[in-house]
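Here is a short briefing on one protein model. Please look over the sequence and the 3D view before reading the points.

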Amino acid sequence: RPEDETKSMFESWAAKHKKSYADSDQKARRFEIFKDNLKYVEERNAAGDRKYKLGLNRFSDLTNEEYRTGFLGRKPNRSPGTKSVGFATGNGSVPAAVDWRTRGAVTPVKDQGNCGTCWAFSAIASVEGINEIVTGNLISLSEQELVDCDTNDDGCGGGDMDTAFQFIIINGGIDTEADYPYKQADGRCNKQKRNKKAVSITGYVDVTPNSETALQAAAANQPVSVGIEAGGQDFQNYESGIFTGSCGTDIDHGVAVVGYGTQGGVDYWIVKNSWGSDWGEGGYIRMQRNVGSKTGLCGIAMEGVYPTK
C-alpha cells in the first residue's frame, strides 16, 4: 500500500492508543516499527491457515524485544503449596464448558501498564474468583498492595503467583482495589492499608503439573492462576480467535484461566490477561486446549495454582 496510506493508519492508531512521542525522530522510528508489525500481521493473516487473527494493538509500535522487556514479568519463584489430590484424571466428571465470567466471578479486565506485574494480576484474579464463589461478593482487590508490600516478589521487576498467595495468607488478607489503587509503578508499602485485610484466603494448591486434565478439573471449580510463554510475535499481535500459535514453554507471563470450552471442534482455555480491554478479545485470549503436548500450549499446564478459602 502507498506510504501515505500507512502513515494515516499510523496516525489514527496513535490517536486511538493515546500515543505521544518526544520528537519527530522518535516518531519516525516508531513508524518504522509500526510498519514492520503491520506487515507481519497482514502476512500472517493472509496465510489463512490458522484459527486466530492478528491485528494492530497497543504494542504495534514496539519491537518484540521491547514488548517482552516491558509487559511480561513472571519470575519463577515456586515454593510448593498444598499438593492437589484427586485432580489428576477428571474422567468425565467435569462439565464440557465453564465460563466464570458469566457466573459473576471475574472482575473487569485490568491493565498492568508498562510494568512487569502480571504475576500480581494473575494471583489477584484467582483470589477475586474464589472469594466470589464462596461469599457471593465480587470485590476488585489490590494488585498494588502486592507490588508494594510483598517483599518476596519484585514488583514491576517481576514475581510469582505462589509467593503472592503466601503474602496474602501471612498478612491475613488483602485490601480492595478501591482503597489501595494500582499505580503502574513500584511504591512504598502503605502499612495502614495493608492492615485492612478486606478478603482472606486459607491456602493455595499447585495443580498437578503437565496435565491439561488436571487443569480442567481445577478450572471447573474456580479461576486458576497459570504461567505461559507469551513472548512471541503472534501473542504480541493477537486480536481474536483460538490461539494455536507458535510458542515454547519458557514461562514469562502470569495470567488466569477463567473457563474453557470448544468451538468448531477445537477445545480452548478462556484466559484473562492484564493488558486492558482493547487487547485481544476484550482483554481475553482463547488458547487451544488439549494440544497433545503434556505442557499444554505455551506451557499453560505446567504451573497452575489456585487459592483456597
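The model is predicted.

**Helix 8**
- Helix 8 covers residues 212–219.
- Of its 8 residues, 7 are buried, so the helix is largely enclosed by the rest of the structure.
- The buried residues are E212, A214, L215, Q216, A217, A218 and A219.
- These buried residues pack against strand 3 (98–99), strand 5 (224–228) and strand 7 (253–263).
- They also pack against strand 8 (266–272), strand 9 (284–288) and strand 10 (305–308).

**Positive phi at K18**
- K18 is not a glycine, yet its phi is positive, at about 55°.
- K18 sits in the loop that runs between helix 1 (3–16) and helix 2 (24–47).
- Its relative accessible area is 73%. The cut-off for exposed is over 50%, so K18 counts as exposed.

**Positive phi at K197**
- K197, a residue other than glycine, has a positive phi near 50°.
- The loop holding K197 lies between helix 7 (191–194) and strand 4 (203–206).
- K197 has a relative accessible area of 37%, so this residue is partly exposed.

**Annotated span, residues 10–67**
- An unreviewed UniProt entry places the feature "domain: Cathepsin propeptide inhibitor" at residues 10–67.
- In the model, residues 10–67 are 60% helix and 5% strand.
- The end C-alpha atoms of this span lie 18 Å apart.

Key:
Residues numbered from 1 in each chain as written. Predicted model: local features only at pLDDT ≥ 70, side-chain atom pairs only at ≥ 80, totals over all residues. Heavy atoms only, no water. Buried < 20%, exposed > 50% of the residue type's maximum accessible area, 1.4 Å probe, protein only. Helix = DSSP H or I, 4+ residues; strand = E, 2+ residues; numbered from the N terminus. Contact = heavy atoms within 4.5 Å. UniProt positions renumbered as here; feature names shortened; annotations may be inferred.
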